Amino acid sequence: SDLFTKSIIEESWRRGLTYQQVEQAITEIKKEIPDVIFSSSLYAEFIFAMEKNPITGETIENDKIWTMVLDPEKWGISMSKEKAQCLYAKDLTYQIPSDFDCSQYDYKKMLIYYPDITNEDYQNFILSLAKRQIDCGADAIWIDLLFGQSNDFFKYLVSIEGLTADEAFKHPAVKESFTAALKLIDKIIQKN
């Protein structure tokens, strides 16, 4: 696969980005500064087209990743998964030009997607990332844009669908996304 080539793995090693190197670095830092609290980070705002589960070693291929990405139609919102991912690719990852025709979107050509925080497979993947970081010695974990999905749905429902703020807060897309983020925090704490 293009994401786990020998040259990419070697470059990650050279730059000190492997779990083994992180664990060694944390161990050394904690020897010198025993009371230090080491915080690592996770990303909830994107998922690569191919990932590797650091606990199981499973390579998660593009088609499986695609089942974990955000699909607004899941909550009855009239925007296809492809369009949502196309807008994300245009506006946030710049993988395609801003004037790209979303009817031409092909997920197999993308490197990054917007994941669905409510998707159980995605949650399990994030839990594996967290567990591996904890195993490396992380004392705390920052999850970047953990509430991004609920916030994005809220903004969309108010600005595009015309719901009031109260209606948007009560919408299943917002409520379920927010609740899933909270449950993910609880699961990470339980894993520790």
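Figure 1. D166 counts as partly exposed, at 45% relative accessibility (partly exposed lies between buried, under 20% relative accessible area, and exposed, over 50%; 1.4 Å probe, protein chains only). K170 is exposed, with a relative accessible area of 55%. Their side chains meet in a salt bridge, 3.1 Å from N to O (a side-chain nitrogen of Lys or Arg within 4 Å of a carboxyl oxygen of Asp or Glu). An α-helix has 3.6 residues a turn, so residues three or four places apart point the same way. The model is predicted: local features need pLDDT of at least 70, side-chain atom pairs count only at pLDDT 80 or more, and totals for chains, interfaces and linings use all residues. Numbering runs from 1 along each chain as its sequence is written, and side-chain values use heavy atoms, without hydrogens and water.

**Figure 2. The salt bridge between D63 and K108.** The two side chains meet at 2.8 Å, N to O. This pair links distant parts of the chain, 45 residues apart. D63 sits in helix α3, and K108 in the loop between α4 and β5. Helices (H or I, at least four residues) and strands (E, at least two) are DSSP runs, numbered from the N terminus. D63 is partly exposed, with a relative accessible area of 42%.

**Figure 3. The salt bridge between K64 and D121.** Here, too, N to O is 2.8 Å. K64 belongs to helix α3 and D121 to helix α5 (residues 120–135). The pair spans 57 residues and links distant parts of the chain. K64 is partly exposed, at 35% relative accessible area. D121 also counts as partly exposed, at 33%.

**Figure 4. The buried residues of helix α4.** Helix α4 covers residues 81–91. Its buried residues are K81, A84, Q85, C86, Y88, A89 and K90. They pack against α3 (62–66) and β5 (112–113).

**Figure 5. The whole protein, for orientation.** The protein has 8 helices and 6 strands. Along the sequence they follow the pattern α-α-β-β-β-β-α-α-β-α-β-α-α-α. The C-alpha atoms fill a box of roughly 55 × 40 × 25 Å, taken along the principal axes. Of the 192 residues, 40% count as buried. The structure holds 8 salt bridges. Among contacts (heavy atoms within 4.5 Å) between residues at least 6 apart in sequence, 66% join residues at least 24 apart.
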